[in-house]
Amino acid sequence: MKTANVVSALLLAGVSSAQTPVGFTPAVTTKLEVTFGTKNVATGGQPLTKQETSRQPTIGLSGPVNGSYVYMLIDLDASTNFANPKAGQPATYLHTVLRDFKASGVPSPAGVTTLTTTSNGPVSWFSPQPPAENPPHPHRYTNLLWVQPANWQIPSAASSMMQSQKLGFNVTNFIKAANLGTPIAANYFNVTG
């Protein structure tokens, strides 16, 4: 009986520590703090509205913050048919990629350092806008953060993906093309059309 309880506790700890949706690759366990106005994405999969997510969020990290970072937002539940989502196939859609995030000020009392950027690209902020669907279907919007390599120039293959392959975007292929490595933090929220 004790063994079953220990195993259950370990399984729950593993599930609760994931900051990316189940089945998403690469899985990330470090939480990216994401706040829209005064609404913090406290837990993965938290429901938010289109209105709440209409402006670019404030992001932050707990622990040491050094260097520069790259931020991405993707919709894991887009459809290949925007006009009639049910008629299309599920596809990932690239919303945003922003570079040059750096620490801004000192950590909060909770130990979170806010990250800011003056960059508006290479893919500017495009807010979650899932279409109305019947029955309503939540879209999982996934936020990813990478350490930005020193003197990072976006390779042409990665640049091409960001401009011409937004629908059907492949994060794993992008990571390789952009020479970014594994994301260091993530978070996700749901928005229903």
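So, the largest pocket: there's about 190 Å³ of space in it. Keep in mind that we're looking at a predicted model. Sixteen, written 16, is the number of residues lining that pocket, and the ones nearest its centre are Asp 75, Phe 82, Gln 129, Pro 130 and Pro 131. Which elements give two or more residues to the lining? Those are strand S5 (68–79), strand S6 (90–103) and strand S9 (138–148). S5 gives the most, with four residues. If you sort the lining of the largest pocket by class, you get eight nonpolar, five polar and three charged residues.

Okay, on to the rings. The structure has eight aromatic pairs. Let me pick out Phe 36 and Phe 189, which sit edge-to-face, 5.2 Å centre to centre and with 80° between the planes. Phe 36 is in strand S1 (residues 33–36) and Phe 189 is in strand S10, so this pair ties together parts that are 153 residues apart in sequence. Are these two buried or exposed? Both Phe 36 and Phe 189 are buried. Ring pairs also link them with Trp 125 and Tyr 141 into a cluster.

Let's stay on strand S10, residues 185–192, because I'd like to show you Asn 190, which lies in that strand. Asn 190 is buried, at a relative accessible area of 16%, so it falls under the 20% cut-off. What's around it? Setting aside neighbours within four places in sequence, Asn 190 is in contact with Gly 45, Gln 46, Pro 47, Leu 48, Pro 138, His 139 and Arg 140. With Gly 45 there's a polar detail too: a polar atom of the Asn 190 side chain lies 3.1 Å from the backbone oxygen of Gly 45.

Technical notes:
Residues numbered from 1 in each chain as written. Predicted model: local features only at pLDDT ≥ 70, side-chain atom pairs only at ≥ 80, totals over all residues. Heavy atoms only, no water. Buried < 20%, exposed > 50% of the residue type's maximum accessible area, 1.4 Å probe, protein only. Polar contact = N/O pair within 3.5 Å; in protein donor to acceptor, adjacent residues only side chain to side chain. Contact = heavy atoms within 4.5 Å. 1 Å grid on protein atoms, 1.4 Å probe; cavity = no way out; pocket = protein on both sides within 12 Å on 5 of 7 lines; lining within 4 Å. Points joined across faces, edges and corners; volume = space filled by probe spheres on them. Nonpolar A, V, L, I, M, F, W, Y, C, P; charged D, E, K, R; others polar. Phe/Tyr/Trp six-rings, centres within 6.5 Å; stacked < 30°, edge-to-face > 60°.
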